[in-house]
Amino acid sequence: MKLLTIGGLLVEIMRKNIDEPFTESHSFVGPFPSGDTPIFINEAAKLGNECTIIGTVGNDGFGDCIVNRLQESGVDTSVIKVKEGYTTGTAFVAYFGDGTRQFLYHWRHSAAGMITEEDIDAIDLTEFDWLHVTGITLAVNNHCKKAVERLIEKLPSTTTLSFDPNIRPEVLSAEEIRVLCEPIIKRSEYIFPSATEASMLTGLKDDVSGCKEWAKQGKTVILKNGEKGCIVFHKDEMLEIPSFKVEEVDPTGAGDTFCAGFVTAIGDGMSLYDAGRFANAAGALSVKNKGPMEGASTKKEVELFLKEQERTTTH
Ligand code: ATP
Ligand code: MG
């Protein structure tokens with residue numbers, strides 16, 4: 001399949017040890033190539049799709065770090081713009097013993113926040129089978145919001161749209177997030193919420209009710225549920241698909257990697273259950289390495305992992 005995405009090209013710099021808040025001086029490691037849609041498109045390319053990303057980097061080493069990685073994985077980076085006068089976006093991450101994470105972004109005012117409507121007009125959208133968008137790209141600033149809106153407006157009706165809300169509540173209020181995401185949810189065929197997002201976006205009492213409401217509107221909804229796996233909602237069906245036991249080293253990026261797995265599986269003609277299983281495997285493999293893209297696997301690696309899991313559960 002030919003896949004397109006748009007979003008913040010970032011590098012991630014993380015605390016070396018847990019329980020080291022940003023208010024204190026300790027060591028960091030990185031840069032690691034990052035950004036939610038870059039993680040998605042990197043994995044999608046490794047899984048064998050033809051992939052393009054719209055985004056912006058600075059003319060600096062961090063920009064090269066991310067662009068080089070995407071190229072190595074086979075992503076077409078020809079529409080990535082180098083924005084003179086701006087530095088590449090960064091995300092600092094601190095991990096805590098209770099499993100929580102703190103993020104400190106330099107995104108809105110960095111090169112990553114400089115995507116514009118002109119970037120959309122420069123692209124022939126008719127060649128893409130699938131567009132994947134995330135809510136955070138809408139929330140970054142007005143340029144990025146307008147660029148996404150233009151993209152949706154110009155999207156051929158034959159292109160499938162998937163949407164991962166992925167907006168952390170510390171960025172905007174629930175009501176602001178709802179207003180921002182509504183038009184894109186309306187156009188989406190696939191929605192990939194994480195815990196609390198379906199409830200927040202629909203205003204319903206819990207995630208299952210929210211997902212069922214979207215399914216009633218004709219969408220296929222895939223609720224990502226961390227180490228528990230995922231639940232797929234389609235028409236009246238609700239498929240609970242358990243994940244696989246792995247040692248979680250770094251959960252950042254699992255959601256985006258999962259989405260790439262699911263989209264690929266649908267493109268390959270798998271059933272919704274099998275697509276959920278394939279995506280669970282890609283997501284599980286992604287948490288085994290430190291760094292958001294460092295656990296990205298090829299299609300062969302995901303298939304091998306699934307075979308091994310079958311062997312260990314049937315014997
Ligand atoms: P992100 O933190 O990247 O925003 P998310 O919250 O959107 O991620 P999660 O639900 O944390 O997404 O993870 C996505 C998928 O990855 C899960 O549905 C599951 O299939 C897999 N996964 C995540 N964590 C684990 C884990 N510890 N063990 C096995 N599989 C996991
Ligand atoms: Mg998670």
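This briefing covers the ligand site, a few individual residues and the backbone geometry of the structure above. The model is predicted, so local features need pLDDT of at least 70 and side-chain atom pairs count only at pLDDT 80 or more, while totals for chains, interfaces and linings use all residues; side-chain values use heavy atoms, with hydrogens and water left out. Residues are numbered from 1 along each chain as its sequence is written, and chains are lettered from A and ligands numbered from 1 in the order in which they are written.

- The space taken by ligand 1 is the largest pocket. A pocket is an open set of points on a 1 Å grid over the protein atoms alone, with protein on both sides within 12 Å along at least five of seven lines. A molecule sits in a pocket if more than half of its atoms lie within 2 Å of the grid points of that pocket.
- Two elements, α9 (254-267) and α10 (272-286), each give two or more residues to the shell around ligand 1. Helices (H or I, at least four residues) and strands (E, at least two) are DSSP runs, numbered from the N terminus.
- There are 21 residues around ligand 1, and S194, G226, G229, E248 and N280 come nearest. A residue is near a molecule if one of its heavy atoms lies within 4 Å of that molecule.
- The shell is made up of six nonpolar, ten polar and five charged residues. Here Ala, Val, Leu, Ile, Met, Phe, Trp, Tyr, Cys and Pro count as nonpolar, Asp, Glu, Lys and Arg as charged, and the others, Gly among them, as polar.

- The side chain of S194 has an N or O atom 2.6 Å from an oxygen atom of ligand 1.
- A nitrogen atom of ligand 1 lies 2.7 Å from a polar side-chain atom of E248.
- At G255, a polar backbone atom is 3.2 Å from an oxygen atom of ligand 1.
- Ligand 1 taken alone exposes 620 Å², of which the protein buries 90%. Accessible areas come from the Shrake-Rupley method with a 1.4 Å probe; for residues, only the protein chains shown count as cover.

- N49 is found in the loop between α1 (36-46) and β4 (50-54). With a relative accessible area of 9%, N49 is buried (buried means under 20%, exposed over 50%, partly exposed in between, with a 1.4 Å probe and protein chains only).
- A polar atom of the N49 side chain lies 2.9 Å from the backbone oxygen of A44, and a polar contact of 3.0 Å joins the side chains of N49 and T264.
- E175 belongs to helix α6 (residues 174-187) and is partly exposed, at 47% relative accessible area.
- The side chains of E175 and R178 are joined by a polar contact of 3.1 Å.

**Backbone geometry**

- Most residues other than glycine have a negative phi, and most peptide bonds are trans.
- The peptide bond that joins G30 and P31 is cis, with omega about 5°; P31 lies in strand β3 (residues 28-34).
- D19 is not a glycine, yet has a positive phi of about 60°. D19 lies in the loop between β2 (10-15) and β3 and is partly exposed at 44% relative accessibility.
- K235, also not a glycine, has a positive phi of about 50°. K235 sits in the loop between β13 (229-234) and β14 (237-242) and is exposed, with a relative accessible area of 64%.

How values were computed
Polar contact = N/O pair within 3.5 Å; in protein donor to acceptor, adjacent residues only side chain to side chain. 1 Å grid on protein atoms, 1.4 Å probe; cavity = no way out; pocket = protein on both sides within 12 Å on 5 of 7 lines; lining within 4 Å.
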